[in-house]
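Please look through the sequence and the model together before reading on. This report moves from single residues to the chain as a whole.

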Amino acid sequence: MNDRDLVRLSKQLATWLRHHPQRIGLQPDGAGWVPVEILLRQANAAGSPLSRAELDAVVARNNKQRYEFDESGTAIRARQGHSIPVELGYAPVEPPRLLYHGTAEHLVEVIGAEGLLPMRRHAVHLSADRETARAVGARHGVPVIFEVAADRMYRAGHMFHRTDNGVWLVDAVPPGYLSLRTRAGAQERAGSSGGPSSAPDPDASGYSGPRVVPDTLGHTEFTDPATG
């Protein structure tokens, strides 16, 4: 299978397993699993030929490892990214001090006002490193990277989960836990100084929404207007 076919089939699987299973008559269970035999049968019946060998290749070669088989190899699901209701069953886990979210530059203002929301997805996706986040952001336009004060969120009671392919999931990220790195050089200097620890707790009473406060390193924090 060439790379073009791999991408095409991966996108088809995303549609069927994450967003619109009904298009080919699939009924994922509560954890998102679909029997492989039924997936292959329904795909072929819908005019989208798919063999077990091709399915195996997509699961094995997808660069983000987005799909997985169960232990028996007889069922398949997407590891994250669903817009259909699912309970993926990942155990809560304590996150590292910082996580990262890559997005497009034109979304900075709305994220500064509303925080990170899952939108049509099951959860907000976060990356463990800046380079992965930058690659994610580049898919949507000029990339920017938000740092997430994950340790503070965790201490405040927010639940984090980590998928088997290394994606961190959380229900949402309020603005006060976010800081924006706006220049490549500034990212490293600001990151080495201890991260976004000065933003007030957005879960505290009296929080009335964010404003943007840029500092001299190209580092933007979203803070409480009453105290910023």
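## Terms and basis

A polar contact is a pair of N or O atoms within 3.5 Å; within protein, one of them must be able to donate a hydrogen and the other to accept it, and residues adjacent in sequence count only if both atoms are side-chain atoms. This is a predicted model, in which local features need pLDDT of at least 70 and side-chain atom pairs count only at pLDDT 80 or more, while totals for chains, interfaces and linings use all residues. Residues are numbered from 1 along each chain as its sequence is written, and side-chain values use heavy atoms, with hydrogens and water left out.

## Around H125

The backbone nitrogen of G81 lies 3.4 Å from a polar atom of the H125 side chain. H125 itself belongs to strand 5, residues 124–126, where a strand is a DSSP run of E with at least two residues, a helix is a run of H or I with at least four, and both are numbered from the N terminus.

H125 has a relative accessible area of 15% and is therefore buried, since buried means under 20%, exposed over 50%, and partly exposed in between, with a 1.4 Å probe and protein chains only. Leaving aside residues up to four places away in sequence, H125 touches Q80, G81, H101, V167, W168 and L169, contact being heavy atoms within 4.5 Å.

## Around N165

N165 sits in the loop between strand 7 (160–162) and strand 8 (168–170). Its side chain reaches the backbone oxygen of K64 at 2.8 Å, and the side chain of N165 also makes a polar contact with the side chain of T163, at 2.4 Å. Beyond four places in sequence, N165 touches K64, Q65, R66, R79 and Q80.

## Nonpolar cores

A nonpolar core is a set of buried Ala, Val, Leu, Ile, Met, Phe, Trp, Tyr and Cys residues joined through side-chain atoms within 4.5 Å. In the largest one, which has 20 residues, L13, W16, L39, L55, Y67 and I76 touch the most other members. Two or more residues each come from helix 1 (3–19), helix 2 (36–45), helix 3 (52–61) and strand 3 (75–78), and the largest share, 6 residues, comes from helix 1. Apart from this core lies another, of 19 residues, including L99, V124, L126 and A150.

## The whole chain

The chain has 7 helices and 11 strands, and 46% of its 228 residues count as buried. Among contacts with a separation of 6 or more, 68% are between residues 24 or more positions apart.
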